[in-house]
Amino acid sequence: MKLLYFLIFYAIALSVALARSGRRSHTASLSGTTGRPSTRLLIIGATGGTGRQLVTQALERGHAVTAFVRNPSGLPIRHPQLQIIQGNVLNYDAVEAAMQGQDAVVSALGHKRFFYPTRILSEGTRNILRAMEIHSVPRLVCETSLGLGDSVGRLGLYFTFFIIPVILPFYFWDKTRQEQLIAASKVEWVIVRPGMLTNGRKRNAYRHGLKVGSFILTVRISRADVADFLLNQIADNTYLRASPGVCW
Ligand SMILES: NC(=O)c1ccc[n+]([C@@H]2O[C@H](COP(=O)([O-])OP(=O)(O)OC[C@H]3O[C@@H](n4cnc5c(N)ncnc54)[C@H](OP(=O)(O)O)[C@@H]3O)[C@@H](O)[C@H]2O)c1
């Protein structure tokens with residue numbers, strides 16, 4: 001029983017800390033589209049679940065895609081408009097080499113090293129932002145997660161009281177730092193916070209906004225629908241410098 005009380009107290013304390021240190025969205029600053037045909041896209045994390053969806057859907061939309069990957073064999077897609085660049089996001093020179101000539105960056109960076117402190121997301125994003133500023137690449141669209149900043153609690157009770165405090169505390173601190181770096185940067189940015197990801201089909205129907213999610217139930221969305229929403233943010237100013245959640 002004492003352990004249960006301790007877990008509840010710890011989960012609440014962690015939630016308060018994540019909410020206080022995390023990014024807060026206010027209202028969306030502009031609406032409409034940029035009018036800029038952002039057709040040259042650099043996709044970070046392109047071999048991942050969301051990343052492969054991003055590459056496929058970006059090519060379907062007619063974009064010229066550069067996929068930044070650690071291991072090219074993890075991306076079994078070939079297309080005349082697809083260039084694959086091998087590199088590690090923690091290597092600044094590799095990131096800078098991939099950044100030249102891009103119009104926008106979409107990041108679906110993630111990893112599975114949950115149980116010890118890492119800075120892969122924040123340090124990788126620091127490199128991305130630095131290279132973007134040097135090469136005047138205007139826009140970053142970055143996938144993070146519901147449960148950060150002013151969306152704390154919106155992944156539902158199971159995540160708030162078990163998954164985040166027990167399995168993902170280091171990961172969520174790194175994501176918090178990642179969001180802080182993006183928000184402090186000079187680039188145009190949209191942070192997209194999805195609910196729990198599935199490999200389900202693309203429904204083309206999902207909720208998005210600054211108040212989506214549930215404080216009780218686990219909200220979900222497919223990686224395919226997240227990719228659709230991420231790609232929409234490349235030329236849409238509705239959520240410029242804001243952190244919308246997205247879920248079914
Ligand atoms: N799972 C969920 O329910 C959930 C919910 C909300 C948000 N999210 C977040 O959504 C994002 C995408 O999740 P996902 O499950 O679709 O992604 P994922 O399958 O975990 O893919 C992550 C991608 O990041 C790449 N990566 C990792 N470290 C790298 C490095 N040092 N340099 C270059 N690339 C690196 C991976 O490359 P390799 O293939 O080489 O490993 C992979 O392509 C993540 O940030 C995740 O935390 C997940």
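## Who sits around the ligand

Here Ala, Val, Leu, Ile, Met, Phe, Trp, Tyr, Cys and Pro count as nonpolar, Asp, Glu, Lys and Arg as charged, and the others, Gly among them, as polar. With that settled, the shell around the ligand splits into 9 nonpolar, 13 polar and 3 charged residues. Keep in mind that this is a predicted model.

There are 25 residues around the ligand, and the ones that come nearest are Gly45, Gly48, Gly49, Thr50 and Gly110. H2 supplies the largest share, with 3 residues.

## H2 against H7

Two packed helices are described by the angle between their axes and the distance between the axes. So how do H2 and helix H7 (residues 223–232) cross? Their axes come within 8 Å, at an angle of roughly 55°. That angle is why H2 counts as oblique to H7. As for handedness, the crossing of H2 and H7 is right-handed.

On the H2 side, the contact is built from Gly49, Thr50, Gln53, Leu54, Gln57 and Ala58. H7 answers with Arg223, Ala224, Val226, Ala227, Asp228, Leu230 and Leu231. Sorted by class, the contact of H2 with H7 comes out at 7 nonpolar, 4 polar and 2 charged residues.

## H4 against H6

From H4, the residues involved are Ile120, Leu121, Ser122, Thr125, Arg126 and Leu129. They meet Asp174, Lys175, Arg177, Gln178, Leu181 and Ile182 in H6. The class tally for the contact of H4 with H6 is 5 nonpolar, 3 polar and 4 charged residues.

## H1 against H5

What about helix H1 (residues 2–21) and helix H5 (residues 157–167)? Their axes come within 9 Å and cross at roughly 80°. H1 is therefore roughly perpendicular to H5.

H1 brings Leu7, Ile8, Tyr10, Ala11, Leu14 and Ser15 to the contact, while H5 brings Thr160, Phe161, Ile164 and Pro165. By class, the contact of H1 with H5 has 8 nonpolar residues, 2 polar and no charged.

## The sheet

Now for the strands. The model has an open sheet of 8 strands, with mixed pairing and the order S3-S2-S1-S4-S5-S6-S10-S8. At the edges are strand S3 (82–86) and strand S8 (207–209), each of which pairs on one side only. From one strand to the next, the twist averages 20°.

Which way do strand S6 (residues 188–194) and strand S10 (residues 245–247) pair, parallel or antiparallel? They pair in the parallel sense, over 2 bridges. Pro194 stands opposite Val246 in S10.

Conventions: Residues numbered from 1 in each chain as written. Predicted model: local features only at pLDDT ≥ 70, side-chain atom pairs only at ≥ 80, totals over all residues. Near = placed C-beta within 6 Å. Helix = DSSP H or I, 4+ residues; strand = E, 2+ residues; numbered from the N terminus. Axes fitted to C-alpha atoms, helices over the stretch in contact; angles between N-to-C directions. Parallel < 35°, antiparallel > 145°, perpendicular 65-115°, else oblique. Left-handed = near helix turned anticlockwise from the far one by under 90°. Contact = placed C-beta atoms within 7 Å. Pairing = 2+ DSSP bridges.
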